Amino acid sequence: MKTFACLGLLALLALPGRADVNGSFNGGDITLYGGKQYIDFGPDGTQTLRLLPGTRPAEIVSKTDGLTLTATTELRVVLKQNQKTKRQELVRASAKGNVRVTLRDSKSTTVVTAPTITFEAGTDADTLRATGAVKIDSNDEVGKRTLDLSGTDGVVSLRPVRDRKAGDRIRTATLESPVRIAVDQAKTTTDAAGKYVVTGDKLRLDALTSPRTATVTGNVKIVSTGVEQGGTIDGVRTLILSLNAENKLTAIEASGEPVTSTYVPRNRSKSGSPPFGGPGGKSRPQ
């Protein structure tokens, strides 16, 4: 295995056929791995690196972007030098084959998987575009809650990791049919353990609002298990989950024909209130 530091040595050592090569930029801020690496210098000052897997998947790690991306088929990385700082910056990373993107911030970890994913760095927001079966798992390490999203094809807008005060990396996410969202909450001193699973035709997560919302539309069904106020809502056209900054579920609003229901989770009640606030465990009819 060969290890090299870019800039100049990269062009010399990343030759076709070289096996298991590691590369680094900016003193290790960006690291690359590939069984084979190919490089192309563009007229606009960019460097495009094509990495193929070797003894392990091809990989890029960017500490500045809070990003780790691995692929089992191919990884293409575009870098460009910042003229002020003279540091190489990640412009885009496109990957194929069991792609896994890990995003980290100060209190949570988000993992996105799909057959094909493209990451694009932006000034105000970064973007992930995924095709095929997409899964997004967000784990809040402080509140002990997980938020899992899945669908077919999706676009995720991300807060740049440099925006330290923002918290969760996801700004918005849109997934196509069939979609599924699961909110899994561990038992704490103030909250009971529980899980809510919603399925439907389309999903949009908006973390720019307060509270953040997850809207599911078309053939919606929600099932809650392991909570004091459990039950099922079915036959719903649109369902909106309200979540706080730690992904704790604070409210559920469902509308459809002939059902309209609003459910606000609360602590255990001795009155034995039925699930979702409706008689006999059913949603309240409109």
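View 1. "Partly exposed" denotes values between buried (under 20% relative accessible area) and exposed (over 50%), computed with a 1.4 Å probe on protein chains only. The model is predicted, so local features are given only at pLDDT of at least 70 and side-chain atom pairs only at pLDDT 80 or more, while totals for chains, interfaces and linings use all residues. Residues are numbered from 1 along each chain as its sequence is written, and side-chain values rest on heavy atoms, with hydrogens and water left out. Glu 176 forms a salt bridge with Lys 202, with 3.8 Å between the closest N and O atoms. A salt bridge is defined as a side-chain nitrogen of Lys or Arg within 4 Å of a carboxyl oxygen of Asp or Glu. Helices (H or I, at least four residues) and strands (E, at least two) are DSSP runs numbered from the N terminus.

**View 2. Asp 206 is a buried acidic residue without a salt bridge.** Asp 206 is placed in strand S15, which spans residues 202-206. The nearest side chain of opposite charge is that of Arg 204, 4.4 Å away; Lys and Arg count as positive and Asp and Glu as negative, with His and the chain ends not counted. Beyond its neighbours within four places in sequence, Asp 206 is in contact (heavy atoms within 4.5 Å) with Arg 171, Thr 172, Arg 212 and Thr 213.

**View 3. Asp 126 and Arg 169 form a salt bridge.** The closest N and O atoms are 4.0 Å apart. Asp 126 is in strand S11 (residues 126-140), and Arg 169 is in the loop between strand S12 (145-158) and strand S13 (170-185), so the pair ties together parts 43 residues apart in sequence. Asp 126 is buried, with a relative accessible area of 2%; Arg 169 also counts as buried, at 2% relative accessibility.

**View 4. Arg 50, Glu 74 and Arg 76 are linked in a salt-bridge network.** In the pair of Glu 74 and Arg 50, the closest N and O atoms lie 2.6 Å apart. The two residues join distant parts of the chain, 24 residues apart, with Glu 74 in strand S8 (residues 74-81) and Arg 50 in strand S5 (residues 46-52). Glu 74 counts as buried, at 12% relative accessibility, whereas Arg 50 is partly exposed, at 29%. The structure holds 7 salt bridges.

**View 5. Arg 56 lies over the face of Tyr 33.** The distance to the ring centre is 3.8 Å. A charge sits over a ring if NZ of Lys or CZ of Arg is within 6 Å of the ring centre and within 35 degrees of the ring normal.

**View 6. Confidence is lowest in strand S1 and highest in strand S7.** The mean pLDDT (the predictor's confidence in each residue, from 0 to 100) is 39 in strand S1 (residues 2-5) and 97 in strand S7 (residues 67-71). For the protein chain the mean is 80, and 74% of residues reach 70 or more. Residues 1-15 stay under 50, with 35 modelled contacts beyond four places in sequence. Residues 266-286 likewise stay under 50, with 40 such contacts.
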